[in-house]
Amino acid sequence: MPSIDNESAILATDLQKSYGSEVALDSLTLDIPHGTVYGFLGPNGAGKTTTMRLLTGLSDPDRGSVRVCGVEASDRRAIAGRVGYLPETPPLYDEFSAREQLEYVADLRDISRSDARERIDEYLDQFELADDADKRIDGYSKGMKQKTAFIQSVLHDPDVLYLDEPTSGLDPRAARTIRESITAFADAGTTVFLSTHILPVVEAVADEIGVLFDGRLVAEGTPTEVQARAETDETGSLEDAFLAVTSEPETGMMSQSE
Amino acid sequence: MSLRQDVRYGLRIGRAEFIRSLRRYLGNPRRVFGLLITALVFGGALLFALPAAYVLGQTARSVTAIPFFAPAVTLATLGLFSTSVFRTLERLGHIDASEFVLLAVHPRAVVIGLITAEMGRLSLWFGIPVGAVVITFAFGLGAPLLVASGGVVALPLICCVAVWGHAAGIAVLRLLRQAPRLRRLLKPVGIFAMVGLVVASQLAGQLLVESDISARPLFSTFAFDPLVEYVGLTFVGTPVSQPISLAAVGVLAALIALIPIGLAVSTKQVSTLWFTDPVDENTSTQVRRSSGGFSVPRPFAWTKAGRIAWGILVRARRDPAELSHLLIVVFFIAPFGTLLVEFSADAIGPLIAGAGVVLAPYLSGATFGLNPLGDERPQLPLLLLIEAPAATLVRGRLLAGIAIGAPVALVGSLVSIGFGMTVPQASVTAAVGATMCLTAAMFAVGIGSAYPIYEERKFWGTETVVPSTLVMMVFLFVVGGGTVLGLFVTWFALTGNIVLTPVFNVFFGTYLLLTVGVSYGSYRYALRRHRRYTLA
């Protein structure tokens with residue numbers, strides 16, 4: 001069970017990041033409470049992956065700060081056990097089998113051998129990988145790799161879980177397994193920061209969403225609120241809202257405070 | 001978290017990285033075969049080295065009497081440091097699956113892990129032969145404990161050199177990241193430096209053999225006495241031991257002190273490198289543009305194969321790293337550089353023309369022909385389903401290669417006119433060179449299609465798909481040998497030194513038949529492979 005601090009799970013203040021003359025992220029502020037599933041949306045090139053890297057401490061911002069469960073993201077020793085991260089490209093070693101990979105992760109995360117074995121078996125069963133657990137990862141399909149990487153990111157029971165396109169390229173059954181896992185983790189108190197293009201996934205699991213466009217947060221709130229503020233008609237979906245807010249770059253941020 | 005904990009994590013990472021390397025080496029039968037050949041070639045040298053080491057051990061009366069001991073110690077230490085720097089530039093500057101590792105442990109643990117794994121890999125490559133020589137020497141000396149004392153003395157030295165080499169390598173990587181233009185410049189400079197080094201090594205060897213210069217005083221200038229005295233501690237307790245000097249103890253103390261300092265410097269450097277995004281124009285979000293569409297100049301525009309060739313040339317121009325496999329020729333051509341120095345001025349013209357003719361067929365075939373299917377791997381689903389026949393695709397590749405190679409033969413012949421070649425001689429040489437370009441390119445696409453390589457690998461610091469080493473070797477020997485033979489016949493014909501005897505006619509006829517027949521057969525095979533190719 002994740003530990004709960006008084007401070008927000010993710011608190012990002014005035015984040016700015018530039019690559020040369022191009023501003024990738026401009027004055028991004030996020031305040032995400034514990035146990036929330038936060039859907040992070042944005043078109044390609046909006047700055048979502050940059051945001052993820054800043055929030056995990058894997059990249060330093062040019063300006064602003066990030067705190068995760070009250071800990072500065074730049075304090076790598078303190079943050080290590082609190083966050084799990086599944087990037088878009090699964091960080092796996094092709095030369096290992098899934099079981100070896102997960103045992104290696106458990107070893108680096110100081111999970112006791114017996115606990116690790118128990119958790120790994122449980123997750124492998126849950127994600128229907130048990131029969132292939134001893135095959136080398138280079139022989140895995142994209143879905144199998146994604147599921148292994150997902151297990152790897154949650155094996156140490158993190159307080160905050162960052163997921164970058166976790167269901168991309170998965171078959172419906174695997175996608176559903178991951179979706180259900182996200183909900184289960186959130187119910188257990190884990191904060192999930194979910195970046196994806198698949199809007200039905202966000203609609204199904206997110207408590208709150210933020211829409212990033214051109215490096216700026218242009219909409220934030222519950223899915224219903226964002227739909228309402230995007231001034232789509234009553235039958236409008238989240239997709240309509242997304243298209244509406246990401247086609248008007250001059251529009252100021254629409255938030256609950258408006 | 002303490003240093004002890006980081007060391008523990010580092011050793012786990014090191015073990016995992018080492019196992020991964022081992023599985024990569026052994027997981028590919030082609031690599032295993034290559035390793036076996038390497039072991040066979042270099043293992044043969046041990047047959048001479050081991051008896052020599054034994055005799056050396058038996059005859060050694062003091063450490064200073066061991067031939068080249070002092071410069072060998074100093075140069076080996078410098079060599080290790082350079083290896084550490086270069087390996088950091090090439091491989092140890094990052095860790096695979098960094099998103100997971102860097103979120104699990106501190107960068108210091110990662111540094112320890114990377115260096116540990118590298119030391120394991122180096123031990124795997126060099127540990128057995130070096131160990132065998134040392135053990136044999138120790139037995140010759142009658143002091144088997146020398147092996148253990150040698151290990152104890154070497155460990156702090158190797159650790160210190162490895163850690164500081166890593167720190168220096170990371171510093172260079174940071175500098176290159178800050179100055180992308182310098183990085184782009186460094187690649188061609190590095191290539192020229194290496195060619196220069198190969199040529200210089202040939203000249204130096206020749207100079208030492210031919211002149212009266214003694215190697216011993218030359219090498220003794222490389223000796224760093226305190227370091228030599230420290231390594232001399234290895235012999236404590238043996239018949240050749242020398243008194244322990246203050247300098248030796250001082251070096252030991254310095255090495256032990258420098259290891260944690262080097263580790264701290266390295267950790268600080270990698271933290272900045274890994275957690276600061278690149279400033280490099282190429283990896284930033286800036287997009288390179290190409291306006292005007294796919295406009296093909298004449299004469300390429302005249303045929304579909306020509307337009308395909310132009311596409312291949314444009315891609316190569318925009319990503320020259322794809323052609324890094326061409327550099328392998330340096331090892332074969334550079335030694336001949338000394339010939340240019342040796343030859344008198346009246347032969348320099350034919351030499352330049354000849355060099356052009358030798359290089360031109362190599363470029364025509366090797367540039368785009370040695371892995372035609374592998375180079376197109378991502379595009380094959382498109383290429384195999386388009387209307388253009390396989391012959392057009394293959395001819396496009398031939399043309400692209402010839403477009404690179406033929407001008408080299410032409411320029412070589414033109415330049416040679418300025419060095420005494422007559423215009424008819426230069427013209428004939430150029431024509432022969434151009435013909436050989438065609439035969440080499442046709443031969444290349446055939447052997448390249450026979451053994452396609454799809455997976456990317458690190459080659460000369462670039463992650464790219466390179467042709468099989470076996471295919472490159474076969475191409476080099478067949479085309480190189482054939483070209484040189486043809487060149488000699490051409491030259492003798494031009495200077496009127498050929499007598500048309502029946503034996504010559506048979507030999508020359510066979511040569512022509514083989515050149516044309518093998519090339520055409522290879523080309524036909526490439527067509528067949530392209531037509532029947534199915535995706536795995």
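Among contacts in chain A between residues at least 6 apart in sequence, what percentage join residues at least 24 apart? The share is 70%. The model discussed here is predicted.

## Chain A: overall composition

Nine helices and ten strands make up the secondary structure of chain A. The chain has 258 residues, of which 54% count as buried.

## A:Phe40 in strand E3

A:Phe40 belongs to strand E3 of chain A, which covers residues 37-41. With a relative accessible area of 0%, A:Phe40 is buried, because residues under 20% are classed in this way.

A:Gly210 is 170 residues away in sequence, yet the C-alpha atoms of A:Phe40 and A:Gly210 are separated by 5.1 Å. When neighbours within four places in sequence are set aside, the contacts of A:Phe40 are A:Lys48, A:Thr51, A:Phe193, A:Leu194, A:Ser195, A:Thr196, A:Gly210, A:Leu212 and A:Leu217.

## Chain B: overall composition

Chain B contains 20 helices and two strands. Of its 536 residues, 39% are buried. Among contacts in chain B between residues at least 6 apart in sequence, 82% join residues at least 24 apart. Chain B exposes about 28,400 Å², with carbon and sulfur atoms supplying 72% of this area.

Helix H1 of chain B comprises 24 residues, 3-26. The buried residues of H1(B) are B:Gln5, B:Asp6, B:Tyr9, B:Gly10, B:Arg12, B:Ile13, B:Gly14, B:Ala16, B:Glu17, B:Arg20, B:Ser21 and B:Tyr25. These buried residues pack against elements of both chains: helices H2 (76-79) and H3 (98-108) of chain A, and helices H2, H3 (69-92), H4 (98-104) and H5 (107-141) of chain B.

B:Ala45 is located in helix H2 of chain B, residues 29-59. Its relative accessible area of 45% makes B:Ala45 partly exposed. B:Ala45 and B:Pro129 are 84 residues apart in sequence, and their C-alpha atoms are 9.6 Å apart in space.

## Helix packing in chain B

Two packed helices are described by the angle between their axes and the distance between the axes. Helix H17 (residues 390-417) and helix H20 (residues 502-532) of chain B have axes that come within 9 Å and cross at roughly 130°. H17(B) and H20(B) are therefore oblique to each other, and H17(B) passes H20(B) in a right-handed crossing. On the H17(B) side the contact is made by B:Ala390, B:Ala391, B:Val394, B:Arg395 and B:Leu398, and on the H20(B) side by B:Tyr523, B:Ala526, B:Leu527, B:His530 and B:Arg531.

Another packed pair in chain B consists of helix H14 (residues 348-366) and helix H19 (residues 469-494), whose axes lie 10 Å apart at an angle of about 145°. H14(B) passes H19(B) in a right-handed crossing. The residues of H14(B) that make the contact include B:Pro350, B:Gly354, B:Val357, B:Val358 and B:Tyr362. Among those contributed by H19(B) are B:Phe475, B:Leu476, B:Val479, B:Leu487 and B:Trp491.

Technical notes. Residues numbered from 1 in each chain as written. Chains lettered and ligands numbered in written order. Predicted model: local features only at pLDDT ≥ 70, side-chain atom pairs only at ≥ 80, totals over all residues. Heavy atoms only, no water. Helix = DSSP H or I, 4+ residues; strand = E, 2+ residues; numbered from the N terminus. Buried < 20%, exposed > 50% of the residue type's maximum accessible area, 1.4 Å probe, protein only. Expected span 1.5 Å × (residues − 1). Contact = heavy atoms within 4.5 Å. Axes fitted to C-alpha atoms, helices over the stretch in contact; angles between N-to-C directions. Parallel < 35°, antiparallel > 145°, perpendicular 65-115°, else oblique. Left-handed = near helix turned anticlockwise from the far one by under 90°. Areas by Shrake-Rupley, 256 points an atom, 1.4 Å probe, with all protein chains shown as cover.
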